[in-house]
Each structure stands twice: as structure tokens, then as C-alpha cells.
Amino acid sequence: MTKLTKMKLMYRLMLSFFTIIVILMVILSISFIKVTNQSMYQDTWRQLRQDADSLVEDSIRYDPVDHSFAGFMTPALKADARLLSHQDVHFAIYGKNQEQLFASNGFTPTITAAKWAKLEKGETVYVKMTTPRLSKQVAATNMPRMTEIIRPYRNKNKLVAVVAIATFVSPIERNMHQIKLNLVVALLFAGLMTLLVSYFFSRSITVRIKRLRELTHQVARGNYDVRLRILGNDEIGDLGRSFNQMTASLQSSHDEIHSQEERRRQFMANAAHEMRTPLTTINGILEGLQYDVIPEEDKQHSIELMQNETKRLIRLVNDNLNYEKIRTNQISMERKLFDAAAVLHNLKEQLGKKARAQGDQLELTVPDGLLVYADYDRFVQIMFNIIQNAIQFTENGVIKISGQQRSHGTQFVVQDNGIGMTPEQLDNIWERYYKADKSRMNTKYGESGLGLAIVHQLVQLHSGKITVTSAPGKGSTFTIFFPNSQTALHPHQSAD
Ligand SMILES: Nc1ncnc2c1ncn2[C@@H]1O[C@H](COP(=O)(O)OP(=O)(O)OP(=O)(O)O)[C@@H](O)[C@H]1O
Ligand SMILES: [Mg+2]
């Protein structure tokens with residue numbers, strides 16, 4: 001058994017087909033030979049019976065008075081003997097006392113006592129093969145192989161004569177030999193055909209299994225995109241369908257893991273970007289305090305600013321850095337009306353140092369108490385990013401920040417006269433990690449090309465609108481619109 005399981009499936013299948021067919025053929029052949037052999041003897045015996053009957057009919061003599069049996073006419077017997085010996089049939093006739101009355105060509109069968117007993121009962125005796133005595137002229141050998149029947153004849157219920165009649169078995173044997181030969185040829189041919197058919201049949205099965213195995217290897221290597229072409233509704237077809245289901249579900253869970261990972265990465269990058277702003281501000285003030293460059297009367301305000309930023313950081317950590325929100329890609333938003341002018345004044349102060357370092361002048365024009373309907377922290381984030389960009393990309397210039405109330409909301413404009421952007425650059429600035437000038441990698445301010453992508457997403461979350469116009473060397477103008485609460489609830493209404 002273990003040896004068998006080591007054998008390739010294909011050869012095992014072939015072997016079983018082959019064995020079954022060959023056994024079947026052998027059984028069929030054997031029974032065919034038996035039946036044919038039997039019927040050949042039956043035919044011969046029937047012929048011999050007829051010969052014996054007509055022989056007796058031709059030559060029997062009856063008493064003219066009482067019509068009882070009176071013997072045989074020898075000339076008639078001789079004539080029949082001649083005729084029959086042409087057909088290789090020989091006979092002998094015995095009287096009721098076992099005495100031989102006539103023998104053609106010296107044909108002398110052996111009639112045993114048991115046979116006589118049967119004959120006396122009126123039964124015909126059939127002998128498949130015997131070697132009787134026969135004259136040399138008609139027997140090919142000393143021991144002629146013959147088949148014979150011995151038949152009793154009765155008259156008035158009494159046994160009067162017995163005819164033994166026989167013919168050679170060689171024609172039967174020749175026929176049987178030819179039949180056997182034909183059968184062997186047929187068997188060989190059938191065996192060959194079985195081998196051929198079973199080869200293709202087994203191959204059709206193993207080829208499908210092999211294909212499945214190849215695809216399984218691909219899946220093992222991490223390629224979940226493979227699908228099996230299903231052929232047939234058999235067990236292998238079912239296996240193929242299950243395989244396809246498996247790869248499909250592997251694919252989808254793989255995709256899910258991938259997109260989760262992507263989302264997590266984005267979120268972490270966004271969070272880091274967001275945390276940089278307050279940390280930079282706090283760090284700036286701490287440095288100012290350390291080197292005692294902040295005038296005494298401003299210290300209180302600076303500390304408040306620091307506190308503000310610290311609170312913003314805490315809110316950020318509490319609200320957003322939780323796993324569930326990252327997983328489901330949520331951003332917590334709490335919109336309310338608040339004083340945007342105050343925020344812009346704070347931002348101007350926070351970014352003042354950076355602007356001075358670039359030789360830029362910050363000009364803020366905003367009506368006192370200008371209200372905006374937005375999430376406070378997100379609004380700070382949006383405006384901080386836009387103004388910071390304007391400073392970053394402007395040297396020794398002027399940055400004008402303004403805010404205005406509009407019919408459906410509040411609009412802010414940040415205008416600089418810095419390096420500006422080409423139309424091609426303008427097309428791409430909202431994309432994550434896009435930087436017009438790749439060589440600019442200001443690690444101090446952590447420029448990563450993320451700022452505008454985040455701003456864009458946040459403005460959309462507010463149902464707002466952000467547009468930009470720019471010309472290289474002339475400067476850029478960013479316009480941001482926040483809808484008021486009514487419009488924000490019905491975002492399809494056109495913004496100002
Ligand atoms: N005011 C501007 N003037 C000229 N170019 C600008 C201006 N604002 C943005 N850009 C261009 O758009 C790009 C994308 O800006 P974004 O704020 O997304 O990234 P960043 O400022 O380079 O890095 P990060 O903001 O992530 O620190 C910038 O690299 C710059 O090339
Ligand atoms: Mg930026």
C-alpha cells in the first residue's frame with residue numbers, strides 16, 4: 001500500500017483502469033472459448049446423430065411377416081461407409097449381444113459395461129474425445145483422436161442394434177486454435193487501447209490537479225490575484241471553485257489590511273503634521289523666556305498662548321489619536337460660531353518670528369469680532385498652514401491676510417508676493433507629498449508636502465471652498481470660504 005501511495009497518481013489511475021479492463025477481457029475470453037468449444041462439439045454430435053439415423057434407416061431389414069428387426073443390408077452399409085469416410089466419419093454397428101455386425105475402415109470403439117447399461121436404457125452416449133482403433137489408411141496416426149456418439153436402436157421396445165459413429169477432433173481443434181489466436185490478438189489490441197485511453201484520461205485529471213498546485217504555490221508566494229479556469233462539474237471542478245473562493249476572500253482581506261495600513265500611515269502623518277504647529281509655537285516662546293527676550297508686560301500673554309497651544313495638543317491627542325477613529329477614518333469635528341479675528345491676531349503673533357526671519361511683513365486686515373462657523377482647532381490648522389506657506393515661499397515681501405463677512409459665510413484671503421507657482425504646479429498642490437521644488441527640504445519646518453492636502457480635506461469637511469491664483473515670481477493668493485451654519489447644513493447652496 002505504501003508503495004502504491006508513493007506511485008504518481010497518474011500511474012495509479014492508469015494501472016487501475018488497465019487492470020480492470022484486462023481482467024474483464026480475460027474473463028470474457030475464457031467464457032467465450034468455453035461456450036464456442038461446447039457448441040462446436042454439440043454441432044458435430046448433432047451431425048453424427050443424423051448420420052447414424054440415416055445409416056440405420058438406409059440399411060435396416062425387417063421381417064416381411066411380423067415386421068420385426070431382421071438385420072442389416074451389408075451392401076447398403078458399405079455404400080454408406082464409403083460415403084461417410086469421405087467426410088472423415090467412421091462407424092461400427094453392434095448387435096444386441098455386443099457382437100460387432102459391421103465396422104467401416106476397422107473402426108473399433110471401446111464400449112464399457114457402464115456405457116452398455118446406459119444404451120440398454122435407451123440413452124445415447126456422447127464421448128468428447130477417444131482414441132479408438134482405426135485402419136492405418138484413414139487414421140493419420142496410430143492414435144486417432146476422435147469424438148464419438150454411441151446410439152441405441154430399438155424395435156418393439158427391445159434393443160436391436162447399437163451404432164457407434166465418430167469423426168476426428170482435429171478440425172474442431174484447428175478452429176478453436178484460430179479463435180484463441182484471434183482472441184489473443186484482440187486482447188493485446190484492447191490492452192494497448194486501454195493503456196492509451198487511460199493515459200489520456202488520467203492525464204486530464206492530473207493536469208488539472210497540477211494546475212491547481214501551481215496556483216496554490218502562487219498564492220503561497222502572496223499573489224492572491226490568481227483564479228482557476230473551471231472545467232467540469234466533478235470533484236476537481238468543485239475543488240477549483242473552492243480554491244477561487246478562497247483566493248477571492250484572501251484577496252479582499254489582504255486589500256483590507258493594505259488599506260487599513262495606508263489609512264493608518266496617512267493618519268499618523270497628518271497627526272504629526274498637526275502637532276508640529278503648536279510644538280513649534282511653544283518651543284519659540286520657551287526659547288524667548290530662556291534667553292529673556294520677551295518684555296515683562298508680554299510674558300503673561302505668551303504664557304497664555306503657550307497654554308492655548310498645549311490645550312490644543314491635548315485635545316488633539318484625546319480626540320483623534322485613538323485607534324478606532326484611525327481605523328474608520330473619522331475626523332472629529334465640532335462646529336460652532338467663534339471670533340475668527342482673535343484667532344488671526346494670535347496666528348500673526350505666533351508666525352511673526354518666522355516672518356521676520358524671512359524678512360517678510362505680515363499685514364492683517366480683519367473687522368473686529370468677525371465670526372466664522374467652523375471647528376475651532378481645524379480652522380486654526382487651515383489658516384496656520386496657508387499663512388505659514390506664504391511666509392515660507394516669500395522672501396522680503398509682504399503677506400496680506402484679510403477676512404470678510406459674506407452673504408452665506410465668511411471668507412479669508414492670504415496674499416503673498418513671493419515665488420508663486422506655474423499653472424502646472426497649481427494643478428498638483430492639493431496632492432499629498434507634492435512639492436513644487438523637490439530640492440527644498442526645510443527640515444526645520446518639517447516641509448513634507450502634506451500641508452495643502454490636509455487643508456483641502458478639512459475645508460471640504462466644512463462644506464467650504466478653497467481657491468488659489470498664482471503667477472511665478474509674482475506671488476500667490478489663497479481664498480478660503482467657510483459657509484455659515486444654514487448654508488453648511490445645505491451644502492448644495494452655492495458658496496459666495
Ligand atoms: N504661497 C505659496 N507660494 C508658492 N508656492 C506655494 C505656496 N503654497 C504652497 N506652495 C507650493 O505647494 C507645495 C505644497 O504645499 P504644502 O503646504 O502642501 O507642502 P509644504 O509646505 O512643502 O510642506 P508642509 O506644509 O507639509 O510642511 C509647496 O511645496 C510649494 O511648492
Ligand atoms: Mg505647507
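Me: What makes H5 roughly parallel to H6?
Reply: In this predicted model, helix H5 (residues 170–220) and helix H6 (residues 235–290) pack at an angle of about 10 degrees, with axes 11 Å apart. Angles under 35 degrees count as roughly parallel, over 145 as roughly antiparallel, 65 to 115 as roughly perpendicular and the rest as oblique, so H5 is roughly parallel to H6. The axes are lines fitted to C-alpha atoms over the stretch in contact, and angles run from 0 to 180 degrees between N-to-C directions.

Me: Which residues make the contact of H5 with H6?
Reply: Among them are Ile205, Leu212 and Val219 of H5 and Ile236, Phe243 and Leu250 of H6. Contact means heavy atoms within 4.5 Å.

Me: How do you know that E9 and E13 are edge strands?
Reply: Two strands pair if DSSP finds at least two bridges between them. Strand E9 (361–365) and strand E13 (465–471) each pair on one side only, in an open sheet ordered E9-E11-E12-E14-E13 with mixed pairing.

Me: Why are E11 and E12 called paired?
Reply: Strand E11 (residues 398–406) and strand E12 (residues 409–416) share 8 bridges, in the antiparallel sense, and at least two are needed, so they pair. Ile401 stands opposite Val414 in E12.

Me: What are H and E here, anyway?
Reply: They are DSSP runs: helices (H or I, at least four residues) and strands (E, at least two), numbered from the N terminus.

Notes:
Residues numbered from 1 in each chain as written. Chains lettered and ligands numbered in written order. Predicted model: local features only at pLDDT ≥ 70, side-chain atom pairs only at ≥ 80, totals over all residues. Heavy atoms only, no water.
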